[in-house]
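Q: Could you take me through the aromatic pairs of this structure, and the cluster they build, in some detail?

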Amino acid sequence: LALSATLGNIDTFFAWLEKVSRSKGQTIRKVVHRERWNDLAYYVFDPILKKIVTLNTVSAIEGSRIAGQPENLPPDIRVLPEESFRIFQALSQVFPEYVAKSLAHLAPTEWYRKHAEHPFWGISMRESMQYEAALKAAICNCPNPSQLIEHVSRPVLESFTNVSKVYESVLTSSAHLNQSFDQSQYKYLKQNLEPTLQSLREKSLLPCIVFHM
């Protein structure tokens with residue numbers, strides 16, 4: 001059984017694996033599943049606030065490119081259920097009249113009561129993805145997607161600024177000590193690894209797998 005989230009040349013890989021297996025008298029089959037069983041959650045650790053901050057994937061979208069054009073949304077950008085609720089709250093705060101007039105049906109309680117099989121005790125991934133698709137269309141068609149994305153992104157942008165400030169200070173001090181870039185990276189990790197773990201523990205996110213650090 002071979003699992004990979006990054007295997008781009010699947011046909012080439014399968015052809016090689018099939019040839020090797022055939023030489024051993026074995027038969028293999030290719031099974032492709034394009035949906036994740038578990039979504040990835042994105043965070044940034046703020047070294048000044050000493051806590052992890054949720055990174056809403058909508059922050060990576062350029063509002064002017066998607067205004068009125070849902071087809072321009074990158075298909076690989078997923079919005080987790082808890083992020084979807086925050087985006088709807090942001091829509092309600094930034095464009096209250098638009099939401100009241102055109103998006104009342106997207107209020108999470110109303111939407112899941114109508115569309116989910118068991119809205120009060122369990123929501124499936126497929127149901128959350130249906131809500132996500134409707135919400136993405138609402139983002140593109142709102143009065144000003146750029147204004148909405150800026151509102152959603154503000155907390156994490158502040159944290160990225162804090163990361164830059166702290167890391168630049170580490171680089172500066174390392175340069176004064178004639179330390180290499182690798183040594184400065186190690187110094188930054190040494191200062192912030194324990195607080196990162198503590199923040200994960202406080203949010204009940206341990207154990208976890210970290211893909212990038």
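A: Let's start with Tyr 112 and Tyr 131, which are both buried (under 20% relative accessible area with a 1.4 Å probe and protein chains only; exposed is over 50%, and partly exposed lies in between). Please keep in mind that this is a predicted model, where local features need pLDDT of at least 70, side-chain atom pairs count only at pLDDT 80 or more, and totals for chains, interfaces and linings use all residues. Residues are numbered from 1 along each chain as its sequence is written, and side-chain values use heavy atoms, leaving out hydrogens and water.

Searching the whole structure gives 6 aromatic pairs; rings of Phe, Tyr and Trp (its six-membered ring) pair if their centres lie within 6.5 Å, and planes under 30 degrees apart count as stacked, over 60 as edge-to-face and the rest as tilted. Phe 85 and Tyr 112 are edge-to-face, because their planes stand at 90 degrees, with the ring centres 6.4 Å apart. This pair links distant parts of the chain, 27 residues apart: Phe 85 sits in helix H3 (residues 81-94) and Tyr 112 in helix H5 (residues 108-115). Helices here are DSSP runs (H or I, at least four residues), numbered from the N terminus. Phe 85 has 32% relative accessibility and so counts as partly exposed, while Tyr 112, at 5%, counts as buried.

Tyr 112 also forms a tilted pair with Tyr 131, at 5.3 Å centre to centre and 35 degrees between the planes. Here helix H5 is linked to helix H6 (residues 125-141), which holds Tyr 131, 19 residues from Tyr 112. Ring pairs join Phe 85, Trp 111, Tyr 112 and Tyr 131 into a cluster.

Key: Helix = DSSP H or I, 4+ residues; strand = E, 2+ residues; numbered from the N terminus.
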